[in-house]
Amino acid sequence: MTPPPQEREPSVSQQRRERERAEARTEILQAARELARAEGWEAVSMRRLADRIGYSANYAYRYFKGRDDILLAFVRDGFVRLAGSMRSSGTSLQAAAAAYLDFALDEPDLYQVMYGLGGVHVPAADTVAEGDAVGAVVADALGTTDPYDDRVARIWATAHGLAALHAIRKLPVDRAHLHRLLAASVEDLLRSPQQPDGGVR
């Protein structure tokens with residue numbers, strides 16, 4: 001039997017180009033986030049980014065297709081980081097929910113673009129897999145393999161609702177109070193008898 005061909009190691013020049021590409025993308029994304037923090041996500045444009053990093057507008061287009069591509073990079077990275085934070089918080093549902101809320105409070109500008117809050121338009125259909133990873137962490141904590149279990153939606157909706165209400169100052173309470181509200185909701189759900197179809201009564 002002929003052994004499968006081995007993949008050729010990238011050359012030194014290829015490795016250098018990939019490193020330079022990664023560094024350029026990081027620089028552009030950093031400039032985009034700084035601009036968003038200062039003026040909001042609507043202020044982020046390819047021309048504004050070029051001005052901020054001191055290059056021509058064509059520079060950013062070498063690494064991103066356009067503004068939506070930059071926002072998409074933030075959304076994907078945000079959901080990966082959110083799921084990772086929840087997963088590393090422990091195995092309990094309370095810990096996962098608390099980690100979700102902490103992420104939203106600690107990264108308000110990133111959370112805003114992840115969920116299209118404040119009028120930010122994001123191509124959310126392209127980040128289904130990354131978003132599903134968050135639901136999977138909740139499902140794992142619940143001990144279910146059903147991603148459509150009603151309890152997953154309820155926990156996710158409650159955590160997101162608290163974070164969103166706090167972000168728009170409709171729930172002006174401190175972090176500890178938000179965590180108490182979320183913990184109480186999780187406890188209520190865990191005490192509710194589960195229906196055969198995965199819901200709760």
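User: Which residues is Arg33 in contact with, leaving aside its neighbours within four places in sequence?

Analyst: The model is predicted, and contact here refers to heavy atoms within 4.5 Å. On that basis, Arg33 is in contact with Trp41, Phe74, Arg81, Glu107, Asp109 and Leu110. Arg33 itself is placed in helix H1.

User: Is Arg33 buried or exposed?

Analyst: The general idea is a cut-off: a residue is buried when its relative accessible area is under 20%. Arg33 counts as buried because its relative accessibility is 13%.

User: What does Trp41 touch, not counting residues up to four places away in sequence?

Analyst: Trp41 touches Ala32, Arg33, Ala36, Arg67, Leu71, Phe74, Asp109, Gln112, Val113 and Val120. Trp41 also belongs to the largest nonpolar core, which has 56 residues. The residues with the most contacts inside that core are Ile28, Trp41, Leu49, Ile70, Leu82, Met86 and Val113.

User: How should I read helix H4, and which of its residues are buried?

Analyst: An α-helix has 3.6 residues a turn, so residues three or four places apart point the same way. Helix H4 covers residues 67-87, 21 residues in total. From its first C-alpha to its last, H4 reaches 30 Å, close to the 30 Å expected at 1.5 Å a residue. Its buried residues are Ile70, Leu71, Leu72, Ala73, Phe74, Val75, Gly78, Phe79, Leu82, Ala83 and Met86.

User: What covers the buried residues of H4?

Analyst: The cover includes helix H1 (12-39), helix H2 (46-53), helix H5 (93-106), helix H6 (108-114) and helix H7 (128-142).

User: Where does Ala98 lie, and what does it touch?

Analyst: Ala98 lies in helix H5. Not counting residues up to four places away in sequence, Ala98 touches His179 and Leu182. Its relative accessible area is 23%, so Ala98 is partly exposed. Ala98 and Met86 are 12 residues apart in sequence, and their C-alpha atoms are 8.1 Å apart in space.

User: How many aromatic pairs does a search of the whole structure find?

Analyst: A pair of aromatic rings is described by the distance of the centres and the angle of the planes. The search of the whole structure finds 6 aromatic pairs. One of them joins Tyr55 and Tyr59, which are stacked at 4.1 Å centre to centre with 15 degrees between the planes. Tyr59 and Tyr63 also form a pair, which is edge-to-face, at 5.4 Å centre to centre and 65 degrees between the planes. Elsewhere, ring pairs link Phe79, Tyr100, Tyr111 and Tyr115 into a cluster.

Key: Residues are numbered from 1 along each chain as its sequence is written. This is a predicted model: local features need pLDDT of at least 70, side-chain atom pairs count only at pLDDT 80 or more; totals for chains, interfaces and linings use all residues. Side-chain values use heavy atoms; hydrogens and water are left out. Helices (H or I, at least four residues) and strands (E, at least two) are DSSP runs, numbered from the N terminus. The expected span of a helix is 1.5 Å times one less than its number of residues. Buried means under 20% relative accessible area, exposed over 50%, partly exposed in between (1.4 Å probe, protein chains only). Rings of Phe, Tyr and Trp (its six-membered ring) pair if their centres lie within 6.5 Å; planes under 30 degrees apart count as stacked, over 60 as edge-to-face and the rest as tilted. A nonpolar core is a set of buried Ala, Val, Leu, Ile, Met, Phe, Trp, Tyr and Cys residues joined through side-chain atoms within 4.5 Å.
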